[in-house]
Amino acid sequence: MVATLIRVTGDWDLAEECAQDALAAALERWPVDGIPRTPGAWLTTVARHRAIDRLRRAKTGAAKYLEVATVGSADGSADPSQDDGADDLLRLMFTCCHPALSVPSQVALTLRTVAGMTTPEIARAFLLSEATMAQRLVRAKRKIRHAGIPFRIPPPHQLVERTGAVLSVLYLLFNEGYSASHGTELVRPGLCEEAIRLARMLSALMPDEPEALGLLALMVLQHARHAARIDSRGDLVLLEQQDRTSWDGEAIGEGCALVEAALRQRRAGPFQVQAAIAACHAQAAEAGDTDWAQIAALYERLSAMVPSPVVELNRAVAVGMAEGPDAGLAQLDQLAAMHGESLKDYYLFPAVRADLLRRLGRDADAAVAYREALALVTTEAERRYLARRHGEVAASLP
Amino acid sequence: MRYLLMICEDEKALEGRSNEENGAVLARYGALMGDLTERGILLGGERLQFSTDATTVRVRDGEVLTTDGPFAETKEQIGGYFLVDCKDLDQALEVAAKIPGAEIGSIEVRPIWEM
């Protein structure tokens, strides 16, 4: 509804106010008159009337007033905005995620206008003051108006790039909820669920975009494990130690089906491959059942799409599990030769090396690598894991 | 909507260019400006002399203060501008990306404050 109003009025604040007016009217009227047959159409019609009233009262933009007044029928019977609604929503998502806006603004604007969260809710989710968040939203909306950021679905030559921007905003939102980058709570499932809802919406709006489906699958699969990721003390639990019976089997089933549907379109992308990796993990009833050969092959594909030392490191782990610690170590040495510098402060690099050395029985070398990792690790749960492993190998030393 | 595209470049890098290189860049500017004029987008555009030729004027308490050089000491200086009339920001960004200066410096795209 807000999306349609933004399109017809071109005024973000007016659109939001009128949508709120319409909701207030619904709360007043529906309990008395009963819920209308098409509640969405009813709300849009009421909101449009409010917009007309306000524009008329403001006595500005006579042309705008005419435009709003003539869009769609007033009785809401065969509401054309129902069809346009989906496209308007997509336009809104693309506009909110326009690269001319800063990424924090893109996220805030998406939550405010697409997800319909209130400013205080968004401020709480990002641990910012309400005033700061309100200011961020005001600035973003002002820039859209002043700089002439178009309210539209990008033309074909920009579609891939801009879709990528929308997908990254949704994934950022999900990760903000999944591994809270700040604050005392490790996981804020509310944000994850909101991100999933928006990804669901986006993939329904763009059925020919397998990456949208891939992102949805990835989020659904990761979120399916959320109950097992935190122990009773509120600490993170590593994947291999999670109680797999507390994973959400229904969500895993849905996620796997989504990955397959995306891959059937035969235009693989990074989100689809990451989702396929998540599906491999999710389908293993025990950590020992994991199909590491498949995961290693998927990381190799991902690495070809988005080369990064972190992807390579994950690949080395998978190779080490699939083909044995020797093969994993060989991969790791290759990686160190190429990207040693960019990985030198990354605790997982010595941690992975230490685990491979431990499995080879090279306890003295493993102990050294565990100590390197312990010096770099920042989260308490992972520090405890590394300390325990270090204790084990150190105890066996003469 | 009208936008001012400010072409910001490192003047030291420009000074180091050979005559042939300068000629090639100028030819690209000429072709781009011709195309934009034909499409009714370009309203005006000029190259500026180097910032060492700039003079900055300030008036404080009614007194005119004149100083040599640009107001701010930054690595990149405005070396020229295009004034364009575009459908929306996306079109202005597309034009900006075609300006040769974007490849070595940057283009600041500013909407005109319409009165």
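**Exercise 1. Give the order of the elements of chain B from the N terminus on.**

Solution. This is a predicted model. Its chain B runs β-α-α-β-β-β-β-α-β. Next, check the tally: the secondary structure of chain B comes to three helices and six strands. The C-alpha trace of chain B spans about 45 × 45 × 20 Å along its principal axes.

**Exercise 2. Work out which strands of the chain B sheet stand at the edges.**

Solution. Start with the strand order. Four strands of chain B form an open sheet, ordered 2-5-1-6, with antiparallel pairing. Now look at the ends of that order. Strand 2 (42-47) and strand 6 (106-111) of chain B each have a single partner strand, so one side of each lacks a neighbour in the sheet. From one strand to the next, the twist averages 20 degrees.

**Exercise 3. Describe how strand 6 of chain B pairs with strand 1, and identify the helix that lies across both.**

Solution. Take the pairing first. Strand 1 (residues 2-10) and strand 6 of chain B are joined in the antiparallel sense over six bridges. For a reference point, find Cys8(B): opposite stands Ser106(B) in strand 6 of chain B. Then turn to the helix. Helix 3 (residues 89-98) of chain B lies across strand 1, strand 5 (76-85) and strand 6. Its direction is at about 155 degrees to strand 6 of chain B.

**Exercise 4. Characterise the packing of helix 14 against helix 15 in chain A.**

Solution. Two packed helices are described by the angle between their axes and the distance between the axes. Here helix 14 (residues 270-282) and helix 15 (residues 292-305) of chain A pack at about 165 degrees, with axes 10 Å apart. Angles over 145 degrees count as roughly antiparallel, so helix 14 of chain A is roughly antiparallel to helix 15 of chain A. The crossing is left-handed. Now list contacts. Helix 14 of chain A contributes residues including Val273(A), Ile277(A) and Cys280(A). Among those met in helix 15 of chain A are Ile295(A), Leu298(A) and Leu302(A). By class, this contact has ten nonpolar, two polar and one charged residues.

**Exercise 5. Count the residues in the contact between the chains and class those of chain A.**

Solution. Chain A gives six residues and chain B gives five. On the chain A side, four are nonpolar, two are polar and none is charged.

**Exercise 6. Find where chain A has pLDDT below 50.**

Solution. Begin with the average: chain A has a pLDDT of 85, and 90% of the residues score at least 70. Residues 72-82 of chain A fall below 50. Beyond near neighbours in sequence, this stretch has 18 contacts in the model. Where pLDDT is low, the predicted coordinates should not be read in detail.

Note on methods. Residues numbered from 1 in each chain as written. Chains lettered and ligands numbered in written order. Predicted model: local features only at pLDDT ≥ 70, side-chain atom pairs only at ≥ 80, totals over all residues. Axes fitted to C-alpha atoms, helices over the stretch in contact; angles between N-to-C directions. Helix = DSSP H or I, 4+ residues; strand = E, 2+ residues; numbered from the N terminus. Parallel < 35°, antiparallel > 145°, perpendicular 65-115°, else oblique. Left-handed = near helix turned anticlockwise from the far one by under 90°. Contact = placed C-beta atoms within 7 Å. Nonpolar A, V, L, I, M, F, W, Y, C, P; charged D, E, K, R; others polar. Pairing = 2+ DSSP bridges. pLDDT = per-residue confidence, 0-100.
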